[in-house]
Amino acid sequence: MKPFKDHHELFRATLRRFVEAEITPHVDEWEEDGLVPRSLFKQMGELGFLGVEYAEDYGGSGADFWMTVVLAEELARCRAGGVAFSIIVHTDMSSPWLSRIGTPEQKARHLPGIIGGETVCALAITEPGTGSDMAGIETRARRDGDEWIISGAKTFTTNGVYGDLYFVAARSRDEGPTHAQLSQFLVPAGTPGLSVASKLRKTGMLSSDTAELVFDEVRVPTENLLGEEGRGFYQLASGLQRERLLAAVLSVSASQQALDDTLAYLRQRQAFGKSLAEFQALRHRIADMATQVAAARQLTYHAAGMFADGEDCVTEVSMAKLFATEAANQIAYEAVQMHGGYGYVRETPVERFARDYRLWTIAAGSSEMMREIISKRLLPK
Ligand SMILES: Cc1cc2nc3c(=O)[nH]c(=O)nc-3n(C[C@H](O)[C@H](O)[C@H](O)COP(=O)(O)OP(=O)(O)OC[C@H]3O[C@@H](n4cnc5c(N)ncnc54)[C@H](O)[C@@H]3O)c2cc1C
């Protein structure tokens, strides 16, 4: 069954034209520069691409989750995982917490700028000492009158170097169960005490900037607490399904493109007097790649459908994230291999795909953590 309706396909066609005209021709330059330019966020904001699910009151389109699936699928086609990653971190991996648990005042203050592309968002959970183990966060937040004072360090913060609004997780109390000690805060860039310690140099996703951040007695007013004090762990955990689904959607779309590139290459490349497409050893591997893409897509759409309908989909989302991101890496290996030496040079898109999508079995919950979640649900201790 096809989950997309006419209005989704209309949006897809518009976005595809935009990506082909305004993004793809520039990705080499942005990869070189190590950033997605501010002008792209503004342009996408003006065209309504950054607020597809947000309420119309704030400038959004009030569409459903399938529209976001289209957004991620089409962005992934720009041939730079980092560009898609930066935009999706902004639209789906950080700002949705604001619309879900923000106060009316917080929404009114920040959402119009986020949707318009003037306020670029970043999610600061991971720390130098803890990633998968979110309960181990050591950044502290202590109350001082009508302010919170935040101290600690964050790392791997996407959009963290050039972003404007950080969604920060910090420990706001020491007593009680570990999971009931975290809170979320909104911290605008430029707040005294908040600094970028370094811009990380990465294997791939080069156009998305990644920061190490230092919080040195950063003061924010109490109205910057996001959601409930002490409920941060649960708030974060419930938001992670969207992030993981989007990682799966991006992986499927980029895998399809790598498969298509490989098919085209096998057809045009000659060896031993015939086209590579005629060698059975390669044809069978192509069949495996196509099967992996199809299976990953169906698993992802199945989980996305459950998510869109508000069902409990933790197991299905974890399976989709695990399968689609692992499949992308197997497909990347085969795509590079079948391009021969050309698969190993920067000009060939599958080379970048292999570097970029290596990230997704690690970030947004590693493959090991997905297996932990799935097995805990199947075999509760
Ligand atoms: C380019 C990039 C961008 C990122 N963007 C962001 C961002 O915007 N915001 C943010 O907060 N974070 C971000 N991250 C961080 C990312 O989410 C973490 O790297 C990830 O959660 C893993 O955490 P870790 O690196 O601390 O690894 P660790 O948690 O130290 O894990 C190391 C290894 O041990 C395995 N492992 C850990 N625990 C278990 C277990 N219980 N059982 C079995 N194996 C286990 C892991 O799977 C992994 O293979 C980003 C990371 C990168 C590389």
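Guide: Let us begin with Thr139, which sits in the loop between β1 (121-124) and β2 (140-144). Please note that the model is predicted.

Visitor: Is Thr139 buried or exposed?

Guide: Burial is judged from relative accessible area, with buried meaning under 20%. Thr139 has a value of 1%, and therefore counts as buried.

Visitor: Which side chain does the side chain of Thr139 join in a polar contact?

Guide: That of Glu127, at 2.7 Å. The Thr139 side chain also reaches the backbone oxygen of Ala153, at 3.4 Å. Beyond four places in sequence, the residues touched by Thr139 include Ile150, Ser151, Lys154 and Arg171.

Visitor: How do the axes of helix α9 and helix α10 cross?

Guide: One reads the approach of the axes and then the angle. For α9 (residues 280-308) and α10 (residues 314-338), the axes come within 9 Å and cross at roughly 155°. Angles over 145 degrees count as roughly antiparallel, so α9 is roughly antiparallel to α10. Their contact comprises 18 nonpolar, 5 polar and 3 charged residues, and the crossing is left-handed.

Visitor: Where is Arg377 placed, and which residues does it contact?

Guide: Arg377 belongs to helix α12 (residues 367-378) and is partly exposed, with 40% relative accessibility. Setting aside neighbours within four places in sequence, Arg377 contacts Asp312, Val314 and Thr315. Its side chain forms a polar contact of 3.1 Å with that of Asp312.

Visitor: How far apart are Arg377 and Val314 in sequence and in space?

Guide: They are 63 residues apart in sequence, and their C-alpha atoms are 8.8 Å apart.

Notes:
Residues are numbered from 1 along each chain as its sequence is written. This is a predicted model: local features need pLDDT of at least 70, side-chain atom pairs count only at pLDDT 80 or more; totals for chains, interfaces and linings use all residues. Side-chain values use heavy atoms; hydrogens and water are left out. Helices (H or I, at least four residues) and strands (E, at least two) are DSSP runs, numbered from the N terminus. Buried means under 20% relative accessible area, exposed over 50%, partly exposed in between (1.4 Å probe, protein chains only). A polar contact is a pair of N or O atoms within 3.5 Å; within protein, one must be able to donate a hydrogen and the other to accept it, and residues adjacent in sequence count only if both atoms are side-chain atoms. Contact means heavy atoms within 4.5 Å. Axes are lines fitted to C-alpha atoms, for helices over the stretch in contact, and angles run from 0 to 180 degrees between N-to-C directions. Angles under 35 degrees count as roughly parallel, over 145 as roughly antiparallel, 65 to 115 as roughly perpendicular and the rest as oblique. A crossing is left-handed if the near helix is turned anticlockwise from the far one by less than a right angle, and right-handed if clockwise. Ala, Val, Leu, Ile, Met, Phe, Trp, Tyr, Cys and Pro count as nonpolar, Asp, Glu, Lys and Arg as charged, and the others, Gly among them, as polar.
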